[in-house]
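Dear colleague,

I am handing over the structure we spoke about, and below it I have set out what was found. Please read the notes with the model open beside them.

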Amino acid sequence: MSVQTFAELGLSDDVLESLQKMGFEAPTAIQAQTIPLLLNGHDVLGQAQTGTGKTAAFAIPAIEKTDASLNEVQVLIQCPTRELAIQVTGEIQKLSSYTGGLRVVPVYGGQHISHQIKAINRGAQIVVGTPGRTIDHLKRGTLKLNHLSMVIFDEADEMLNMGFREDMEEILTYKDQARRVQMLMFSATVPKPIREIMKRFMVDPVSITIERSPV
Ligand code: ADP
Ligand code: MG
């Protein structure tokens, strides 16, 4: 059975309204497969080409899973570059424009850290970062993961290529180990280090591969 509409994915009216405003008429293949799994609490490894709509595939469940009344970081997203972190932040802001003031904060190198600390302290709920700056905030204690419910690595293979493997693993050690934190990785390829991270940190991950169908 294939999903035809976003409404069939069981999304909130707020998010459906944002999607309509953005002109997203129907879910792409990766969105149709990933969103229900994430809403149901699964860990997911997603493989799909560029331009298949992966950002909304993780941003929509991230928004739906965030408790707007809780001023704590609940979702952490990692991207290989600052440009991507800024782009992902923008897409989450658009998708949550009717959700009533979700606080999404990007953290990346090259921007003054005091600005980011203030933004986090204002009650960040979703943080989108690059690994180096994220670890900096974790070490300073300005970013705390004790209320985290979801961690997402976008372009995970690209992060490996840029030498972020140890950072990726270090970030995961900061979460409360007794707490179930759902994990999603998107990666165009699945080299051995990705399989090792999956084995160490994911619980019964579901793998999804989309061969084609860019937007
Ligand atoms: P990827 O991360 O897989 O490379 P993006 O998430 O950046 O892809 O999406 C590629 C483009 O497609 C973006 O411009 C995005 O706004 C658009 N897009 C994503 N999902 C949909 C959809 N369901 N309907 C229409 N356009 C979409
Ligand atoms: Mg992408």
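A residue is called buried under 20% relative accessible area, exposed over 50%, and partly exposed in between. Because arginine 140 has a relative accessible area of 48%, it falls in the partly exposed class. Please keep in mind throughout that this is a predicted model.

The side chain of arginine 140 forms a salt bridge with that of aspartate 136, at 2.8 Å from N to O, and aspartate 136 is likewise partly exposed, at 29%. The two residues lie four apart in helix α6, so about one helical turn separates them.

Helix α6, which spans residues 131-140, also holds histidine 137, and this histidine is buried, with a relative accessibility of 0%. Its side chain makes a polar contact of 2.8 Å with the side chain of threonine 142, and, leaving aside residues up to four places away in sequence, histidine 137 touches several others, including Val107, Ile113, Gln116 and Leu143.

The count of salt bridges comes to seven. Another of them joins glutamate 169 to arginine 165 at 2.9 Å, N to O, within helix α8 (residues 165-173), where the two are four residues apart. Glutamate 169 is buried at 13%, whereas arginine 165 is partly exposed at 27%.

Glutamate 169 also meets arginine 200 in a salt bridge of 2.3 Å, N to O; this pair links distant parts of the chain, since arginine 200 sits in helix α9 (residues 192-201), 31 residues away. Arginine 200 is exposed, at 52%. Arg165, Glu169 and Arg200 belong, together with Lys192 and Glu196, to a network of salt bridges.

Key. Residues are numbered from 1 along each chain as its sequence is written. Chains are lettered from A and ligands numbered from 1 in the order in which they are written. This is a predicted model: local features need pLDDT of at least 70, side-chain atom pairs count only at pLDDT 80 or more; totals for chains, interfaces and linings use all residues. Side-chain values use heavy atoms; hydrogens and water are left out. Buried means under 20% relative accessible area, exposed over 50%, partly exposed in between (1.4 Å probe, protein chains only). A polar contact is a pair of N or O atoms within 3.5 Å; within protein, one must be able to donate a hydrogen and the other to accept it, and residues adjacent in sequence count only if both atoms are side-chain atoms. Contact means heavy atoms within 4.5 Å. A salt bridge is a side-chain nitrogen of Lys or Arg within 4 Å of a carboxyl oxygen of Asp or Glu.
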